[in-house]
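Biologist: Could you take me through this one slowly, as I am new to reading structures?

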Amino acid sequence: MTDDHLDRWNAHEASAEAMIPIIGRLYRGKGVTILLHSRSLVNKSVISILRTHRFARQIEGEELSVDQTLPFLEALAELDLGPCKIDLGRLVTAYRTDGRGRSIAEFTAAVLADVTDGNKAEPQGPRDVVLYGFGRIGRLVTRLLIEKVGSGNGLTLRAVVVRKGGEGDLAKRASLLRRDSVHGQFNGTIKVDADNDAIIANGNVIKFIYSDDPAAIDYTEYGIDEAILIDNTGKWRDRQGLSQHLRPGIAKVVLTAPGKGDVPNIVHGVNHRDLDLSDPIVSCASCTTNAIVPPLKAMDDEFGIVRGHVETVHSFTNDQNLLDNFHRADRRGRSAPFNLVLTETGARSAVAKAMPHFKAKITGSSIRVPTPDVSVAILNLQLERETTKAEVLEYLRRVSLAGPLSRNLDYTAATDVVSSDFIGSRAASIVDANATIVDDDTAILYLWYDNEFGYSCQVVRTVQYISGIEYPTYPQLEAQDPAGAVPEPAGAR
């Protein structure tokens with residue numbers, strides 16, 4: 001019996017090992033990102049691939065085997081694909097539902113006819129990106145941009161603008177990128193080119209521009225053109241201040257904080273497709289706004305929301321003091337590692353900007369706590385109709401697995417999770433099923449979120465969309481007929 005389990009594990013490892021080079025060739029050669037239930041398999045280890053397959057238990061109640069997905073991946077390798085995202089989980093599910101007696105290769109070719117041969121999309125990009133600031137969010141966005149550059153079609157981080165920090169500035173910034181107390185070591189190699197004020201990360205040459213004045217920089221002098229600048233300093237939050245970044249070489253500005261005035265607040269997955277792409281300035285709102293808006297939209301779509309209150313239990317941030325000292329805000333001057341600090345949250349006002357048609361009144365407050373990362377938002381909602389915990393959880397589970405919010409909203413049924421388990425989560429928020437409370441027309445949702453990394457992922461998703469590099473995911477199951485059958489393209493027979 002023991003040998004059977006070990007033999008099966010070894011066989012699964014072998015299948016996962018066989019998947020890695022195929023996934024790499026599709027990604028780097030054709031710009032195809034392979035997913036499994038909305039989770040990328042690009043640059044993943046054998047163990048990570050097996051864990052992602054095991055996650056499929058949340059869908060059908062049984063583990064999705066690599067032996068089931070490998071044949072579909074091999075079929076993909078034989079197709080003339082253009083840039084896109086392909087979800088192996090969707091492929092397997094669609095084939096089980098309506099394979100129509102076709103072989104895996106025949107079925108795969110049929111359902112992906114829209115992105116193969118003469119129908120394949122042309123690669124978009126690369127698109128230059130500049131970071132203004134290199135703090136917590138800036139360095140995590142850097143990691144994500146470098147991770148995604150392998151296809152050659154995406155975003156290219158060309159430069160970082162910072163104030164000179166004194167002797168050894170570049171080496172110290174490289175060290176901060178290389179090692180992080182919360183998120184661990186950088187996945188790759190980092191070299192410092194002091195002569196050219198550059199850091200070379202996994203072959204990506206990143207120029208460091210030292211400046212105190214955004215209006216004094218001509219980015220074309222560095223070979224940068226039509227770039228998207230990501231301001232992660234939060235120093236300017238209105239259109240007038242952010243417009244200083246619209247210098248030669250910069251086409252658009254993205255703010256990693258809630259925008260003020262008429263600056264649109266975008267929450268990827270909820271309102272990013274409503275964005276006027278001609279607007280040169282956009283905000284990605286706050287980490288908490290990104291955490292609560294996707295589940296708010298999901299719940300309002302299905303159950304209707306009359307009113308609600310959000311309480312965030314939020315890790316301390318860099319704007320608080322280590323020891324008691326003067327701070328312009330109330331309470332935040334008190335020692336962050338020693339206290340629970342009551343403070344306000346701007347998330348409730350940002351909800352209205354992200355969801356202008358959302359009529360329910362949302363109030364909110366926040367408690368800063370002595371942890372360095374990962375927060376939890378508690379949504380207390382009065383619904384328009386009565387429901388049950390089972391109905392709410394089944395609905396949210398499905399929303400997290402398929403549909404427009406599947407990249408933004410995650411779900412866990414684990415009984416013993418704590419905040420550190422969600423460090424590195426790429427979702428905007430994760431529904432904690434076991435903490436959920438439903439009583440007639442009242443639902444209380446507990447939503448974990450990595451307020452650093454998860455938010456940084458939302459920023460990069462928004463930048464990808466703005467730049468035209470966000471490709472759709474196939475097979476597009478929303479095109480199914482009511483019986484759930486995947487329609488055959490013309491000529492497929």
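Biologist: What should I know before I start?

Modeller: This is a predicted model, in which local features need pLDDT of at least 70 and side-chain atom pairs count only at pLDDT 80 or more, while totals for chains, interfaces and linings use all residues. Residues are numbered from 1 along each chain as its sequence is written, and side-chain values use heavy atoms, with hydrogens and water left out.

Biologist: OK, at what angle do H4 and H5 cross?

Modeller: Helix H4 (residues 66-77) and helix H5 (residues 88-98) cross at roughly 105°, and their axes come within 10 Å. Helices (H or I, at least four residues) and strands (E, at least two) are DSSP runs numbered from the N terminus, and axes are lines fitted to C-alpha atoms, for helices over the stretch in contact, with angles from 0 to 180 degrees between N-to-C directions. That angle makes H4 roughly perpendicular to H5, where under 35 degrees counts as roughly parallel, over 145 as roughly antiparallel, 65 to 115 as roughly perpendicular and the rest as oblique.

Biologist: And which residues of H4 and H5 meet there?

Modeller: From H4 there are Gln 68, Thr 69, Phe 72, Leu 73 and Leu 76, and these meet Leu 88, Leu 91, Val 92, Tyr 95 and Arg 96 of H5; contact means heavy atoms within 4.5 Å.

Biologist: How do H5 and H6 pack, then?

Modeller: The axes of H5 and H6 are 11 Å apart and the angle is about 110°, so these two helices are also roughly perpendicular to each other. On the H5 side the contact has Leu 91, Ala 94, Tyr 95 and Asp 98, which meet Ile 104, Phe 107, Thr 108 and Val 111 in H6.

Biologist: Switching topic, is H13 mostly covered or mostly open?

Modeller: H13 is mostly covered, since 15 of its 15 residues are buried (buried means under 20% relative accessible area, exposed over 50% and partly exposed in between, using a 1.4 Å probe and protein chains only). Its residues, 453-467, should span 21 Å at 1.5 Å a residue, and the end C-alpha atoms are 21 Å apart, which agrees; the expected span is 1.5 Å times one less than the number of residues.

Biologist: What follows H13?

Modeller: Gly 468 follows H13, and its phi is positive, near 80°.

Biologist: How many salt bridges are there in the whole structure?

Modeller: The search finds 21 of them, counting a side-chain nitrogen of Lys or Arg within 4 Å of a carboxyl oxygen of Asp or Glu. One of them joins Lys 120 and Asp 80, whose closest N and O atoms are 2.8 Å apart. That pair links distant parts of the chain, 40 residues apart, with Lys 120 in the loop between helix H6 (104-111) and strand E4 (127-132), and Asp 80 in the loop between H4 and strand E3 (84-87). Lys 120 is partly exposed at 31% relative accessible area, and Asp 80 is partly exposed at 34%.

Biologist: Which residue does Asp 180 pair with?

Modeller: Asp 180 pairs with Arg 136 in a salt bridge of 2.7 Å, N to O. Asp 180 lies in strand E6 (residues 179-180) and Arg 136 in helix H7 (residues 136-147), so the pair ties together parts 44 residues apart in sequence. Asp 180 is buried, with a relative accessible area of 12%, whereas Arg 136 counts as partly exposed at 27%.

Biologist: What about the phi of Asp 117?

Modeller: Although Asp 117 is not a glycine, its phi is positive, about 50°, and this residue is found in the loop between H6 and E4. Asp 197, in the loop between strand E8 (190-193) and strand E9 (198-201), has a positive phi near 50°, and at 26% relative accessibility Asp 197 counts as partly exposed.
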